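Please look through the sequence and the model shown here before reading on. The paragraphs that follow lead from one part of the chain to another.

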Amino acid sequence: MKLTKEERKEMKAKMKAEGRGLFAEFKKFITRGNVVDMAVGVIIAGAFTKIVTAFTQGIIMPFVNYIVYLVVGDKPLAEITTVLRAVYTVDADGNLTDTLDTAKSIVINWGNLIQTVIDFLLIAIVLFAILKVFNTVKEKKKVLFEKLKKKEEEAKEPEPEPTPAAPPAPTTNELLGEIIELLKEKPVK
């Protein structure tokens with residue numbers, strides 16, 4: 001079934017009015033809270049990764065490299081490699097040099113892998129510590145609110161006992177009757 005040009009226009013206008021167009025759906029998707037929260041989380045994670053990488057490279061790796069130096073020799077951790085196929089460069093005269101041609105050689109870079117694993121472990125440890133503190137604070141807050149609520153309930157003064165209702169006021173006829181009784185008891189002078 002093929003739609004005419006007018007029918008397609010009508011259909012598009014109807015979808016736009018109902019908010020079912022592609023742009024409307026995208027706008028609805030992007031403005032949902034969880035998408036915005038996720039975007040903020042990704043940005044913060046990127047910044048946090050930079051901090052951990054700087055911490056690793058500037059503080060942790062010098063100690064690791066020192067230990068590697070004591071065990072392996074003069075190479076830092078990132079430069080520990082295994083050469084499977086060595087191809088050396090050739091100088092201008094056509095003689096082989098001692099310089100390894102890394103583009104043509106087959107080299108396994110173990111040190112870089114180890115350094116990346118160390119970075120990952122540090123990020124995981126720091127995130128665990130942050131979440132542990134966050135959850136501890138959250139739990140203590142919950143316990144504190146429960147204690148405060150319990151104290152408020154205990155501190156509420158018991159409602160005073162209702163005062164007995166005053167006797168009903170005498171009616172006009174009763175008052176007149178009492179006045180007449182009093183007048184009868186007094187002698188008139």
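In which helix is Q115 found? Q115 is found in helix α4, where helices (H or I, at least four residues) and strands (E, at least two) are DSSP runs numbered from the N terminus. This is a predicted model, in which local features need pLDDT of at least 70 and side-chain atom pairs count only at pLDDT 80 or more, while totals for chains, interfaces and linings use all residues. Residues are numbered from 1 along each chain as its sequence is written, and side-chain values use heavy atoms, with hydrogens and water left out.

Q115 is buried, because its relative accessible area is 8%; here buried means under 20% relative accessible area, exposed means over 50%, and partly exposed lies in between (1.4 Å probe, protein chains only). Not counting residues up to four places away in sequence, Q115 touches Q57, M61, L77 and A78, a contact being heavy atoms within 4.5 Å.

Helix α4, which spans residues 110–155, also holds L121, and this residue is partly exposed because its relative accessible area is 45%. L121 belongs to a nonpolar surface patch of about 700 Å², made together with W110, L113, I114, V117, F120 and I125. Such patches are made of residues with over 30% relative accessible area and no salt bridge, like charges being joined within 9 Å and nonpolar side chains (Val, Leu, Ile, Met, Phe, Trp, Tyr) within 5 Å. The accessible areas come from the Shrake-Rupley method with a 1.4 Å probe, and for residues only the protein chains shown count as cover. A salt bridge is a side-chain nitrogen of Lys or Arg within 4 Å of a carboxyl oxygen of Asp or Glu.

Charged patches are the next topic. K2, K5, R8, K9 and K12 form a positive surface patch, and of these R8 has its place in helix α1 (residues 5–18), where R8 counts as partly exposed because its relative accessible area is 44%. A patch of negative charge on the surface gathers E174, E178, E181 and E185; E174 is found in helix α5 (residues 172–185) and is partly exposed, since its relative accessible area is 46%. Lys and Arg count as positive and Asp and Glu as negative, with His and the chain ends not counted, and the place of a charge is taken as NZ of Lys, CZ of Arg, CG of Asp or CD of Glu.

D101 lies in the loop between β3 (96–100) and β4 (106–108). This residue is buried yet has no salt bridge, the nearest side chain of opposite charge being that of K104, 4.1 Å away. Leaving aside neighbours within four places in sequence, D101 is in contact with V87, Y88 and T89.

Several threonines complete the tour. T49 has its place in helix α3 (residues 33–71) and counts as partly exposed because its relative accessibility is 36%; T49 and N112 are 63 residues apart in sequence and 17 Å apart in space, C-alpha to C-alpha. T53 also lies in helix α3, and T53 counts as partly exposed because its relative accessibility is 30%, while the C-alpha atoms of T53 and L77, 24 residues apart along the chain, are separated by 15 Å. T163, by contrast, lies in the loop between α4 and α5 and counts as exposed because its relative accessibility is 69%. From C-alpha to C-alpha, T163 and D93 are 118 Å apart in space and 70 residues apart in sequence.
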